[in-house]
Amino acid sequence: MARSINPSKRRTGRLRGWLLEGQIVEPEGPQVRESQSAQHPWWQVVCLTGVDYFSTLGYIPAIAGLVAGAVSPIATLLIVLLTLFGALPMYRRVSEESPHGQGSIAMLERLLSFWKGKLFVLCLLGFVATGWLVTITLSAADATAHIVENPLVPELLRDQKVAITLVLLALLGAVFLKGFKEAIGLAVLLVAAYLLLNLVVVAVGLYQVVVYPQTLADWQSALLTDYGSPAAIIGASLVAFPLLALGLSGFETGVSMMPLVRGDEGDRPDRPAGRIRNTRKMLTTAALIMSFYLLTTSFVTAVLIPQGEFEEGGEANGRALAYLAYEYLGEAFGTVYDVSTISILWFAGASAMAGLLNIVPRYLPRYGMAPDWTRAIRPLVLVYSAIAFAITIIFEANVDAQAGAYATGVLAMMTSGAFAVTLVSWRRGSKWAAFAFGLVTLVFAYAIVANEIQRPDGIIISLLFIGAIVATSLISRVQRSTELRTERVEINDTAKRFIEEAARGSDIHLVANRRQAGDEREYFLKEREQREDNHIPPDEPILFLEVDVEDASEFADVLEVSGAEVGNYKVLRAKSSTVPNAIAAFLLYLRDTTGKRPHCYFGWTEGNPIIYLIRYILFGEGDTAPVTREVLREAEPDPKRRPAIHVGG
């Protein structure tokens, strides 16, 4: 008779399969070739990072006009110089050091080990989450602001900022639930249209300056009247500089999207030269395009827009280029420009979403600090969208309320990137490069300190993100502590010979040993103790199993087992991040490869069990026998097939 299938379970299975379909995975070695089906030409990926980078044109000229006034073109010139001679060389180096999109975090991770390295990475991820999640919400809120300020929008919608922003966020999440291919295709369309429309606005603005030279004379007069001397102009530019540094926001997201960049057919996963080269093309192209637009837009807006219009309530407040579009090209073009600006601001969160989807799964699951399903793209899209909804509701879709957190996250990422490149250059003996990148680090450090002085709420919000990530990560690590955690077991020839000899008997007997002197006397005493305590027959051969802890902060690793002979005693030795999990994985390996049920013998551990629990979580060892059994119980639910654990004494 045919077996009936529960429709609800079938639907649940299909939904689960769809959610877990695409996963972020690390390359397993230089011999493994990556599929290029999910990768794209670099010029397409530059559009995905460009929806964040280029969309800042929607508000940077207005911010420049508001905070810098007539000096805004000079302040913007400082940003351009930092872009071309600081951020661009820096991130070209980052792309070489972390070709799988981990960014500067991976570079700093290599410099620190054990738990301090993991906690440091968690703090950096807190700033990443701050910068990129707030990029998503702030951009959507800014798009909403452009919608409600458009003269053609019905009055009814002007008080629905939160609702409109939530709809935009839901649409963004839906695009990524569909897939990266759709996101990149939409990004290409939006960026091409937006840059073309801005080119028209810039061209018309420059034409107006040429036709009406009095506007240029008025700007020069205001510049000299307000500041009086070149020193005062430079000083005012330096004061405004930190607020304009948001025009650099596309570099970190650009590097994070390296896995999407198509390289050469023969690229090695550990050193994809083609991908690195094409990513550098992407970063350089984006930097040159943005530098051109930053300079030209700041100039035409400063010269053509009266200063009063930049103030709150003015028609150019938050939308300086849209003001020029309406003023000089008419309402029809202005409306088209508004639609384009709204679209790219809405989709600006796409580059941040893509960055989060790539970088977070490469760290937290590997640390055991997130469930393994967080490697999958679609569940993360739902999680990030839910957080974005919460942020929008808490801040009531207010752009200004989120600006401090946005600036803190972006500047913190860029400061860490500059610091990482400086350290790498110094360690490799490139003293001049280290000095140059050190100056860039100081510039970004100045920018972030100045930003926190002006907007202290930014660091407070960032600390909340860091606290949430650290707390949830440590809780996840504790919950996952009894997972098997070993990716695979590799044994050398000597260990293989020992196992084959032991498998000739009825059972395989192993004695767990914590090596002290490692001499014959130690193994003689250990064998005598275990045979007496656990009644192992004297004619049954035994193997000693020793596991040394290398870095207990690691979660999953490859268990490499080697064999050693100490007199007449056969010893299997391994290194792992945790003793009980490694023993459990090796016992299951023996069962599966020999067909025999292995028996492992332990002595009793004396002491406070709470202390041993903490030692196990932090240092990978503790009351080994019960933890090993629990790991085996979770990994093998059938008691008859489960390796046996014996404790005597």
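Okay, let's start with a word we'll need: a residue is buried when its relative accessible area is under 20%, exposed when that is over 50%, and partly exposed in between, using a 1.4 Å probe and protein chains only. What you see above is a predicted model, where local features need pLDDT of at least 70, side-chain atom pairs count only at pLDDT 80 or more, and totals for chains, interfaces and linings use all residues. Residues are numbered from 1 along each chain as its sequence is written, and side-chain values use heavy atoms, with hydrogens and water left out.

So, the overview. Of the protein's 649 residues, 54% count as buried. There are 23 helices and seven strands; these are DSSP runs, H or I of at least four residues for helices and E of at least two for strands, numbered from the N terminus. The C-alpha atoms fill a box of roughly 105 × 70 × 50 Å along the principal axes.

Now for the inside. A nonpolar core here is a set of buried Ala, Val, Leu, Ile, Met, Phe, Trp, Tyr and Cys residues joined through side-chain atoms within 4.5 Å. The largest one has 148 residues, and Phe251, Phe347 and Phe444 have the most contacts inside it. Helix 6, residues 114–149, gives the largest share of this core, with 17 residues. Apart from that core lies another, of 32 residues, including Leu510 and Val631.

What does Phe444 touch, leaving aside neighbours within four places in sequence? Its contacts (heavy atoms within 4.5 Å) include Leu82, Met90, Leu248 and Met414.

Next, helix 18, residues 457–479. Among the buried residues of helix 18 are Ile461, Phe465, Ile469 and Ser473. As a general point, an α-helix has 3.6 residues a turn, so residues three or four places apart point the same way. And which helices do the buried residues of helix 18 pack against? They pack against helix 6, helix 15 (377–395), helix 16 (399–427) and helix 17 (431–454).

Last stop: a loop. Most residues other than glycine have a negative phi. Glu396, in the loop between helix 15 and helix 16, has a positive phi, near 55°. Ala397 is found in that loop too, also with phi near 55°. Buried or exposed? Glu396 is exposed, at 58% relative accessible area, while Ala397 counts as buried, at 6%.
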